[in-house]
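Hi there,

Here is the structure I promised to pass on. Have a look at it first, and my notes follow below.

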Amino acid sequence: MAKYRKLGRTSSQRKALIRNQVTALLNNGKIVTTEAKAKEIRKEVEKLIALAVKEKDNFEEVTVKAKVAKKDDKGRRVKEVVDGKKVTVYEEVEKTIKKDMPSRLHARRQMLKVLYTATEAPKNNIKRNMKKVDLVDKLFTEIAPKYADRNGGYTRIVKIGQRKGDAAMEVLIELV
């Protein structure tokens, strides 16, 4: 028995399709696709969420000092003249950051192998205002705590009906 469905595509096309739909599912929470594709997507999503749940608390808080440009009330950088040149004024600020432990860093890189970079459209639908969404961080901070007490079964497949054009069974796959 085969370990996966070929979905009528070459290996590179199949991999791209699955990565694209996994990214869309994690970004939006649910997608509509065919039944065969949904069953393949489910495998990948379950692995990613299980990895995130396992490593969600595996970091340490570290305080670091950083130089940050001083800004005025309008949000512009403050500059002063030194030896006839305009120089930006910097101030030292202490920040607390999360430092991943080695196993969490490895998990983050494993997730990045599967996920594409996702963008979020603003409400006014102007392309230049699109923001990049860090899906790996979303997995660790939003999705993993939600499923921390659950042992698998993070997705649900609901049959919608047959597609009009080719009568393929369409399903809604969503995060539970």
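How much area is buried between domain 1 and domain 2? About 470 Å², with carbon and sulfur atoms giving 45% of it; buried area here is the accessible area (1.4 Å probe) that two parts lose on being put together, summed over both.

Some background before the rest. This is a predicted model, where local features need pLDDT of at least 70, side-chain atom pairs count only at pLDDT 80 or more, and totals for chains, interfaces and linings use all residues. Residues are numbered from 1 along each chain as its sequence is written, and side-chain values use heavy atoms, with hydrogens and water left out.

**The two domains**

Domain 1 covers 1-55 + 100-175 and domain 2 covers 58-98, with bounds from an automatic or database domain assignment. Their C-alpha centres are 38 Å apart. Contact (heavy atoms within 4.5 Å) links 6 residues of domain 1 with 4 residues of domain 2. Of the area that domain 1 buries against domain 2, 75% comes from Asp 100, Met 101 and Arg 104, more than from any other three residues.

**A hairpin**

Strands (DSSP runs of E, at least two residues, numbered from the N terminus) S3 (residues 79-82) and S4 (residues 85-88) pair antiparallel over 4 bridges; pairing needs at least two bridges found by DSSP. Glu 80 has Val 87 in S4 as its bridge partner. The hairpin leaves 2 residues between the strands, and Asp 83 in the turn has a positive phi of about 55 degrees.

Best wishes
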